[in-house]
Amino acid sequence: MTSDTSSVGRALKALLPELDRDRGMLVLAPNGTVNTGVVQGDQRNVSSSGAIPDGPGTPVRQGPVRAKDLQVARRRFVPSTTFEAGLVALESGILFLVGEPGTGRLTLALNLLAHRHDDPTLIQIDGAVDLARWRPRPQGVHGYLVMEPSAPFALRPWELSDLEAALAAADARLVIVVPDVPGPTRFLERDFGGQVVRHRSPDPAEVFATHFADSCPEARDRARILELLGPDFLSSVLPAGLPPGYAARAAETVSRPGAVSEVRPAEEVLACLASAEAQELLARAEHDPELLTHLLSVCVYGGLDRDIVVERAAALLVAARPGPDTGSVDPGRRVPMGDPGFRLVRQRPLRDILRDVGAHCAPGNGPETVAFFWPAVGEAVWDVVCREHTELLPLLHDWLGRTGPTAQEIERAGRAMAGMVVRTGGRALGLVQELALSTGGPGFEVAARSLGMAAIDPGVVHKVHSLLQEWSDASDTALRSAVAYACRSDLGGVEAEHALKLLHSAVNRGGDDPEDTSVALTVAETLMQRFAAGDSATRETITRHLAAWREAEDMAGLVACLAFPVLVDFDPAWFGGRMLAGGTTASDIVELVLRGLNEAASYPSMRDTLLAWCNGPDEASRPDPAVEELFVRLVDSRQHGFLRLLLSIERGGDAMPGKDLAAGCLTEWRSRNQPQQTD
């Protein structure tokens, strides 16, 4: 015998309307099996739970909005054009408010529902409730709020119409807050048109001012606090696009008694905000590799191209995966979009990931860049990682050592590694040495940069200098090259006197192998960089040390001969001033010129530099007085290299610089070689 299920349904609806409203818990099983129990005959098995009813008589997973929360939301609300558009759309009874989390959606929704009511009664409904079957209470409620329903796009037009009628009968309004997902949101706008309003964050400065006034009612106190914080504080703490929650947090922090002191108040407030944000972000990402890798990547590479940040996050996740492939990625290799790391890292939209780690994409003249809203958050996160998650340090060192090939990425990786050295009190120096020895590509440069930058910190400078001295005496060329690079002045930490001693050790420890020659070239490059960037005292220090180097017949002496002409050519005016001033530096210059002319390898460059110097400024007819003084002292030395120079000038064409000066020097030279006449 067949069963007329439709007639059964009608009967059931008439007899048990409260069950019919929850068809999800209703089972009609004539001659069927339900779970593990056998139902025989023309019987019905109805299962329901009183814990989650869904009818107008009994609220389902919903409850009143706390009066305190509503009062605060109304006091601190910053109206915007979205508010006016929302009021217009809400006249139909239902509003779909589209926006991203953290942009003030909840505050806006509560104010829309409470509008024109002195003491409104508002109910928040759980997002899991099926709105197609939900109905409002007959009376006593002014508005209902649903935050991110599980199926916001399942409502059909006729179901929405029924819901509007029920809300109109109850004299209530409903706001449904929907996440801004591009595809589905377009469908929502297509189906429901004017009832869909996109939320835009209010101006962070207005949010700050409103919250500040609420937390600190006295205008005189607010003015005093802002005066202590200085004129640049608000622009630094309230960048464009800052989510309202951040602005509110800043206002609450500066309003807290004792938060703003007389000494460095702005720095202290920013540090406090960054520290709290860092703790929250790390707690959020603790069990979420997707967030953690992006968080650490933004800490290191924040401010660079978005693709770099994402690539480095993918590389970190690949490096962290257990298995035979761990660490097999070539140093500096770009992780392709098809790499498993990308598939693991990008489980959700990038904008959602960045929002969850407190970062954002900032459009510029070129590609989009990624950065924290508050840059100090990156350093604060690094503080927590080095203090509370030391088990991550070996992995992070390996990851940083395999950074991308661009100068910006290498600089950022070195800076981050230096931060680890400083924050661990020098305990991470062993990891830096492992990196310099085991990694090709940018690894040694990252290690060198980290040491140069770490040497700025007084707490670890002695440990860093000790390690650099050890490396400068090592047989391994990678370590000595790292020392030479770490001594660059743009890294900031190794002062000139100590740097020249380290460079001397590094260049003299090797032999004539190609790798040792590479160390010598790196030393020469560092000398040139330090001279070009240095002040007069630094340049005198370099000249003095090079003069000492040239005395020995070793690799350091050869480097001094080859580097010195380049230094003179870079700034002949400085050397001219030192020559005319006399003293030790002038003597050092003379000795270095002589050695450069006497050495076969350096003679051509030393000759060309002196000829250019002979031209003087703007190729004046008369040589620079400093060159004349130099040549007079060179004649007194009577060295073969200088004689070679004078003869080459004499034999040159009329356009040869320094003809008259060389002729005078040759006359003086020859006169001294004439035998003395006796009576």
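This is a predicted model: local features need pLDDT of at least 70, side-chain atom pairs count only at pLDDT 80 or more; totals for chains, interfaces and linings use all residues.

Trainee: How are the rings of Y246 and W374 arranged, then?

Mentor: Their planes are at 75 degrees and their centres 5.1 Å apart, so the pair counts as edge-to-face.

Trainee: And where in the chain do Y246 and W374 sit?

Mentor: Y246 belongs to helix α11 (residues 244-255), while W374 is in the loop between β12 (369-372) and α17 (376-388).

Trainee: Nice. What about F564 and F575?

Mentor: With centres 5.4 Å apart and planes at 85 degrees, that pair is edge-to-face too. F564 is in helix α27 (residues 555-570) and F575 in helix α28 (residues 572-581), so parts 11 residues apart in sequence are tied together. Both F564 and F575 are buried.

Trainee: Which aromatic cluster do they belong to?

Mentor: One made up of F531, F564, F570, W574 and F575. Across the whole structure, the search gives 15 aromatic pairs.

Trainee: Switching topic: which residues touch the most other members of the largest nonpolar core?

Mentor: L400, L527, W549, F631 and F642, out of 147 residues in that core. Beyond its neighbours within four places in sequence, L527 contacts L500, L503, I542, L546, W549, V559, A563 and L567. Another core, of 24 residues, lies apart from the largest one and includes I94 and A170.

Trainee: Last one: what sits over the ring of Y485?

Mentor: The charged end of R488, 5.3 Å from the ring centre. Likewise, R644 lies over the face of Y603, at 3.8 Å from the ring centre.

Definitions and conventions. Residues are numbered from 1 along each chain as its sequence is written. Side-chain values use heavy atoms; hydrogens and water are left out. A nonpolar core is a set of buried Ala, Val, Leu, Ile, Met, Phe, Trp, Tyr and Cys residues joined through side-chain atoms within 4.5 Å. Buried means under 20% relative accessible area, exposed over 50%, partly exposed in between (1.4 Å probe, protein chains only). Contact means heavy atoms within 4.5 Å. Rings of Phe, Tyr and Trp (its six-membered ring) pair if their centres lie within 6.5 Å; planes under 30 degrees apart count as stacked, over 60 as edge-to-face and the rest as tilted. Helices (H or I, at least four residues) and strands (E, at least two) are DSSP runs, numbered from the N terminus. A charge sits over a ring if NZ of Lys or CZ of Arg is within 6 Å of the ring centre and within 35 degrees of the ring normal.
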